[in-house]
Amino acid sequence: MKALGIVVGGGAPMLCSSIRNRRFRVSFSSSSSSSSGSKTVEQVGIAAPKPEYKPGVLDDLFLNLFRNKLVQEVGWDSKKHGYDGLIEVANRLMMKGTTNSDTIEAAVRILRSLFPPFLLELYKILIAPIGGGKIAAMMVARVTALTCQWLMGPCKVNSVDLPDGTSCSSGVYVERCKYLEESKCVGICINTCKFPTQTFFKDHMGVPLLMEPNFADYSCQFKFGVLPPLPKDDTVLKEPCLEACPNASQRRVVARNIDVTACPKT
């Protein structure tokens, strides 16, 4: 759910470049060995220093607006204040849906309710087609980075490779996603954030989006202008539960410590 604050803004967009911006990513693997030097991917991610974000004057407004829309959809509110309460309501959204598709559709409705309908339609009709979609992709990337840090934490615009072989500054790199870290749940990440956000931008703003969450270090790469695979073909569905996931912990207790790798929410 990373669309809050997207508006049709001004400012001259940066030109796309044909130079690819390659990122080197180190992946960690764990073993069943009891060696004192080994760490699971989640231990590595949790041990990493948290990037700091100082809330701005509009952050409370954005959080309350988003939470109110979420509460309206769920029909329930947490007694907790601030971000902790928001996470509890998001978890209730997961519990409410009979299927994951129900949850994704509900999350898309929430995102749509944040904007005047005419604004989304105008953006899709007038802005999205310009320059083969690159200008629209760069615009939403910049507004996302500027207005959604209250939800995700520190992030920055970066360059991503596009399907036409060029690269463009239409990416947003989230250093350590607060929403994932606080929810501690792969299912909440992909069913209330990744899949609905991808659907919202493509279907209602005309901008393809691929989101690539990294469950080892809690980072996330947004790629505006890149079509995502079909949900059934997305490798993210094969991700195991996080060790810290409260839902997975309860499931392991019920299963009497039977090794369960699939997230109960996927």
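Which residue in β4 stands opposite glycine 171? That spot is taken by lysine 223. Keep in mind that we're looking at a predicted model here.

Let's start with the overall picture. The protein chain has 10 helices and four strands, and along the sequence they come in the pattern α-α-α-α-α-α-α-β-β-α-α-β-β-α. Of its 266 residues, 44% count as buried. If you take the contacts with a separation of 6 or more, 65% of them are between residues 24 or more positions apart.

The four strands make an open sheet in the order β1-β2-β4-β3, with antiparallel pairing. β1 (155-161) and β3 (209-213) sit at the edges with a single partner strand each, so one side of each has no neighbour in the sheet. On average, neighbouring strands are turned by 25° against each other, ignoring direction. As for β2 (residues 167-174) and β4 (residues 220-224), they pair in the antiparallel sense over four bridges.

Two helices to look at next are α6 and α9. Helix α6 (residues 134-147) lies across β1, β2 and β4, and it runs at about 25° to β2. Helix α9 (residues 186-205) packs on the sheet too, where it touches β3 and β4, and its direction makes about 160° with that of β3.

What about the inside? The largest nonpolar core has 60 residues, and the ones with the most contacts inside it are Leu70, Tyr123, Tyr179, Phe215, Phe222 and Phe224. Helix α9 gives the most to this core, with nine residues. Another core lies apart from it, made of six residues, including Val160, Cys168, Leu210 and Val226.

Finally, the cysteines. How many disulfides are there? The count is zero. A disulfide would need two cysteine sulfur atoms within 2.5 Å. The sulfur of cysteine 193 is too far for a bond, because the closest cysteine sulfur, in cysteine 189, is 5.6 Å away. Cysteine 220 is in no disulfide either, with the nearest cysteine sulfur, that of cysteine 177, at 6.3 Å. Both of the cysteines in the table count as buried.

| Cysteine | Nearest cysteine sulfur | Sulfur distance | Relative accessible area |
|---|---|---|---|
| Cysteine 193 | Cysteine 189 | 5.6 Å | 2% |
| Cysteine 220 | Cysteine 177 | 6.3 Å | 5% |

Conventions: Residues are numbered from 1 along each chain as its sequence is written. This is a predicted model: local features need pLDDT of at least 70, side-chain atom pairs count only at pLDDT 80 or more; totals for chains, interfaces and linings use all residues. Side-chain values use heavy atoms; hydrogens and water are left out. Buried means under 20% relative accessible area, exposed over 50%, partly exposed in between (1.4 Å probe, protein chains only). Two strands pair if DSSP finds at least two bridges between them. Axes are lines fitted to C-alpha atoms, for helices over the stretch in contact, and angles run from 0 to 180 degrees between N-to-C directions. Contact means heavy atoms within 4.5 Å. A nonpolar core is a set of buried Ala, Val, Leu, Ile, Met, Phe, Trp, Tyr and Cys residues joined through side-chain atoms within 4.5 Å.
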